[in-house]
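Please consult the sequence and the model while reading.

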Amino acid sequence: QVQLMESGGGSVQVGGSLRLSCVASGDTARTKYTAWFRHAPGKGREGVASIYVGTTVAGSSSYYSDSVKARFTISQDKAKNTVYLQLDSLKPEDTAMYYCASSPTWLYGGSWARAGEYNYWGQGTQVTVSS
């Protein structure tokens, strides 16, 4: 079992920034990817970014949706079992509940953005952007 705890959400104005954190605990040794998804009212769940956090290969490949590329940055601190999502240049359409999720499997191509590839989820943290 893996437990994920998000924090860092809040209310900001257009153009503002936030940094979300996702702390993992439990049986994290098998985790290969940690991702951020978001869910806005009336919209489907959207994969925002994902990062390789495993130890099998060196490096930490990251992936982004087109809607956040160049504005959001995903990173990790392995020593703290924490994945961050830096949100810059926020827009009203970024308003959503943000969830982190972890996957024990290798992900290829666009599969990083499929919610079904992730088997552990946090409770979410709300991000609200007002104009």
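Contact here means heavy atoms within 4.5 Å. On that basis, residues 24 or more positions apart account for 59% of the contacts in the chain with a separation of 6 or more. The model is a predicted one, in which local features need pLDDT of at least 70 and side-chain atom pairs count only at pLDDT 80 or more, while totals for chains, interfaces and linings use all residues. Residues are numbered from 1 along each chain as its sequence is written, and side-chain values use heavy atoms, with hydrogens and water left out.

The secondary structure consists of 11 strands and zero helices; both are DSSP runs numbered from the N terminus, helices being H or I of at least four residues and strands E of at least two. The radius of gyration of the chain is 14 Å, close to the 14 Å that the globule rule gives for 131 residues, so the chain is as compact as a globular protein of that length. This radius is taken over C-alpha atoms, and the rule is 2.2 Å times the number of residues to the power 0.38. Along the principal axes, the C-alpha atoms fill a box of roughly 45 × 30 × 25 Å.

Of the 131 residues, 41% are buried, where buried means under 20% relative accessible area, exposed over 50%, and partly exposed in between (1.4 Å probe, protein chains only). In soluble globular proteins, nonpolar side chains tend to be buried together. A nonpolar core is defined as a set of buried Ala, Val, Leu, Ile, Met, Phe, Trp, Tyr and Cys residues joined through side-chain atoms within 4.5 Å. The largest such core has 25 residues, of which Trp 36, Val 48, Phe 72, Leu 85, Leu 87 and Tyr 98 touch the most other members. At least two residues of this core come from each of β1 (2-7), β3 (18-26), β5 (46-52), β7 (72-77), β8 (82-87), β9 (96-103) and β11 (125-130). Strand β3 gives the largest share, four residues. Another core, of nine residues, lies apart from it and includes Phe 37, Leu 107, Trp 112 and Tyr 118.

How exposed is Met 97? This residue of strand β9 is partly exposed, with a relative accessible area of 25%. Leaving aside neighbours within four places in sequence, Met 97 is in contact with Phe 37, Arg 38, His 39, Gly 124, Thr 125 and Gln 126. Met 97 and Thr 128 are 31 residues apart in sequence, and their C-alpha atoms are 8.5 Å apart in space.
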